[in-house]
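Please keep the sequence and the structure open while reading.

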Amino acid sequence: MFDGHCGLDTGCSIHWAPCTSAIHSDAPYPPDGGPCASLHGFRGTELGAMDGYDVVVVGCGIVGLATGLALQERDPHLRLVFVDKEPEIARHQSGHNSGVIHSGIYYRPGSLKARLCVDGARRMRSFCEEHGVAYELCGKVIVATEEHELSRLAELEQRGVANGVVGVQRLTPEGLSQIEPAARGIAALHVPHTGIVDYVAVAQAMAANLVRHGAAFRLGERVVGFRPVAGGVTVLTSADPISTQFVVNCAGLHADQVAQMAGLTPAVRIIPFRGEYFLLRPERANLVRGLIYPVPDPQLPFLGVHFTRRIGGGVECGPNAVLAFAREGYTWGHVVPGEILQTMLYRGFWRITGRYWRSGLYEIYRSLNRRAFAESLTRLVPGIQTSDLIQSAAGVRAQAVSQEGILVDDFVIQESEAGVHVLNAPSPAATAALSIGDRLADIAWARLA
């Protein structure tokens with residue numbers, strides 16, 4: 001995490017380092033097209049007959065939608081269609097996360113990842129204000145609880161200042177208590193410009209805006225292959241094929257598989273890790289005023305279990321990081337034998353297993369033992385008890401892993417003859433979505449010119 005570089009020599013053409021109503025396929029689309037509007041799974045013929053499209057975006061998560069907005073800014077008349085196998089948008093990573101607008105404090109100064117996060121956070125706030133999506137700058141404290149974490153806390157402070165993160169302040173234990181009275185630590189950082197938002201509501205607003213400007217959505221359709229043709233490619237789906245000049249692959253948990261269909265040999269493989277959350281009981285939610293995070297382990301791309309106040313109310317605790325037995329394995333019982341076999345046959349998986357087996361076993365233990373989960377939370381808020389926790393929804397992180405067994409923490413992009421493929425978009429991808437989308441649109445626009 002701290003060096004901002006995943007160590008890959010991939011040959012990638014680009015390697016980037018450092019309202020809740022559903023939009024779905026069977027709901028009517030209101031004429032006002034407001035930010036919380038529902039949306040038909042439109043096909044091109046429903047929006048006006050077309051021989052084909054200029055761009056097909058595979059995946060209706062927040063990065064794909066943001067890329068569409070950036071493309072429409074470049075050409076309001078661009079023929080643009082989104083394809084997703086799910087019946088509604090933002091079904092997976094965009095709809096299963098902590099809902100944090102990150103500040104940019106974690107990333108190496110001057111890196112693209114740092115710039116995208118700081119710029120993306122500013123643009124995300126502006127987008128929310130323009131489109132009536134609620135957000136709150138509730139602030140975050142990053143808490144050191146042991147002496148060996150103090151040097152890493154100091155480095156985070158330096159990075160925050162260098163990255164232009166506003167208002168970063170070092171806290172004594174007494175200062176921490178003034179901001180988060182229930183938290184305990186030997187030192188902390190206060191990051192007041194960290195915020196919270198409902199990213200599903202953001203995605204709803206993005207999609208409504210895209211439809212107003214002529215984009216089509218084909219939801220509930222799975223991409224099954226690509227066929228090169230003169231001047232572009234035909235995208236084969238579980239319904240009708242789509243002719244296009246260019247494809248943007250933002251398929252998240254399935255991005256490497258889509259890239260393989262397009263003829264690429266991906267530099268990484270997606271290994272799914274489930275992040276499990278609990279909610280604090282409502283009568284205990286007053287223990288947390290904003291966001292309380294630990295000092296992250298620089299050896300892992302995960303930030304550690306933390307407390308997050310939600311924009312819709314309540315306080316969430318988590319996530320952990322447990323190997324999932326399916327790419328969409330939101331529970332222990334969801335097992336797809338073919339997908340877990342693909343994971344087991346991948347050389348990089350066994351290399352990370354050899355390196356992190358102790359951490360992996362602890363994550364499994366903590367997943368199956370609520371008391372152990374509560375004990376990990378008491379490092380930050382000593383008053384937490386097992387009885388304070390209510391099981392909440394889980395998310396699945398599309399963790400890119402190299403063949404060398406590196407847990408890739410950077411954005412990884414590869415280009416094919418008629419497309420660009422987002423093979424890794426870890427946090428802060430949601431925060432930085434509008435800035436990432438701008439970069440992807442630049443690639444697509446150059447290829448369309």
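How many bridges join strand 11 to strand 12, and in which sense do the two strands run? There are 6 bridges between strand 11 (residues 223-229) and strand 12 (residues 232-237), and the strands run antiparallel. The model is a predicted one.

**Hairpin of strands 11 and 12**

- Strand 11 and strand 12 make up a hairpin, with 2 residues between them.
- Glycine 231, in the turn, has a positive phi of about 80 degrees.
- Within the pair, valine 235 of strand 12 is the residue opposite phenylalanine 226.

- An open sheet is formed by 8 strands in the order 7-8-6-16-17-18-15-20, and its pairing is mixed.
- At the edges are strand 7 (169-171) and strand 20 (389-391), each of which pairs on one side only.
- From one strand to the next, the twist averages 30 degrees.
- Strand 7 pairs with strand 8 (residues 187-191) over 3 bridges in the antiparallel sense.
- One of the residue pairs is glutamine 169 with histidine 190, the latter in strand 8.
- Helix 3 (residues 150-162) lies across strand 6 (140-144), strand 7 and strand 8, and runs at about 20 degrees to strand 8.
- Helix 9 also packs on the sheet, where it touches strand 15 (278-280), strand 17 (306-309), strand 18 (315-318) and strand 20.
- The direction of helix 9 makes about 125 degrees with that of strand 20.

- Strand 14 (residues 269-275) pairs with strand 19 over 2 bridges, in the antiparallel sense.
- Arginine 274 has valine 322 of strand 19 as its bridge partner.
- As a general point, strands of a sheet pair through backbone hydrogen bonds, either parallel or antiparallel.

**Helix 1 and its contacts**

- Two packed helices are described by the angle between their axes and the distance between the axes.
- For helix 1 (residues 62-74) and helix 5 (residues 199-212), the axes come within 10 Å and cross at roughly 35 degrees.
- The crossing of helix 1 with helix 5 is left-handed.
- On the helix 1 side, Ile62, Leu65, Ala66, Gly68, Leu69 and Gln72 take part, and they meet Tyr199, Val202, Ala203, Met206, Ala207, Asn209 and Leu210 of helix 5.
- The contact of helix 1 with helix 5 has 10 nonpolar and 3 polar residues, and no charged residues.
- For helix 1 and helix 10 (residues 433-448), the axes come within 7 Å and cross at roughly 55 degrees.
- That angle makes helix 1 oblique to helix 10.
- The crossing of helix 1 and helix 10 is right-handed.
- Residues of helix 1 in this contact include Ile62, Val63, Ala66 and Arg74, and those of helix 10 include Leu434, Asp438, Asp442 and Trp445.
- By class, the contact of helix 1 with helix 10 divides into 13 nonpolar, 2 polar and 3 charged residues.

- The axes of helix 8 (residues 347-368) and helix 9 (residues 370-377) come within 5 Å, crossing at roughly 110 degrees.
- Helix 8 is therefore roughly perpendicular to helix 9.
- Tyr362, Tyr365, Arg366 and Leu368 of helix 8 make the contact with Arg370, Ala372, Phe373 and Ser376 of helix 9.
- The contact of helix 8 with helix 9 has 5 nonpolar, 1 polar and 2 charged residues.
- Tyrosine 356 is placed in helix 8.
- Neighbours within four places in sequence aside, tyrosine 356 is in contact with Gln299, Leu300 and Leu407.
- The C-alpha atoms of tyrosine 356 and glutamine 299 are 9.7 Å apart, and the two residues are 57 residues apart along the chain.

**Salt bridges**

- There are 23 salt bridges in the structure.
- One of them joins glutamate 328 to lysine 85, with the closest N and O atoms 2.6 Å apart.
- Glutamate 328 is in the loop between strand 19 and helix 7 (337-344), and lysine 85 is in the loop between strand 3 (80-84) and strand 4 (100-101), so the pair ties together parts that are 243 residues apart in sequence.

Methods: Residues numbered from 1 in each chain as written. Predicted model: local features only at pLDDT ≥ 70, side-chain atom pairs only at ≥ 80, totals over all residues. Heavy atoms only, no water. Axes fitted to C-alpha atoms, helices over the stretch in contact; angles between N-to-C directions. Helix = DSSP H or I, 4+ residues; strand = E, 2+ residues; numbered from the N terminus. Parallel < 35°, antiparallel > 145°, perpendicular 65-115°, else oblique. Contact = heavy atoms within 4.5 Å. Nonpolar A, V, L, I, M, F, W, Y, C, P; charged D, E, K, R; others polar. Pairing = 2+ DSSP bridges. Left-handed = near helix turned anticlockwise from the far one by under 90°. Salt bridge = Lys/Arg side-chain N within 4 Å of Asp/Glu carboxyl O.
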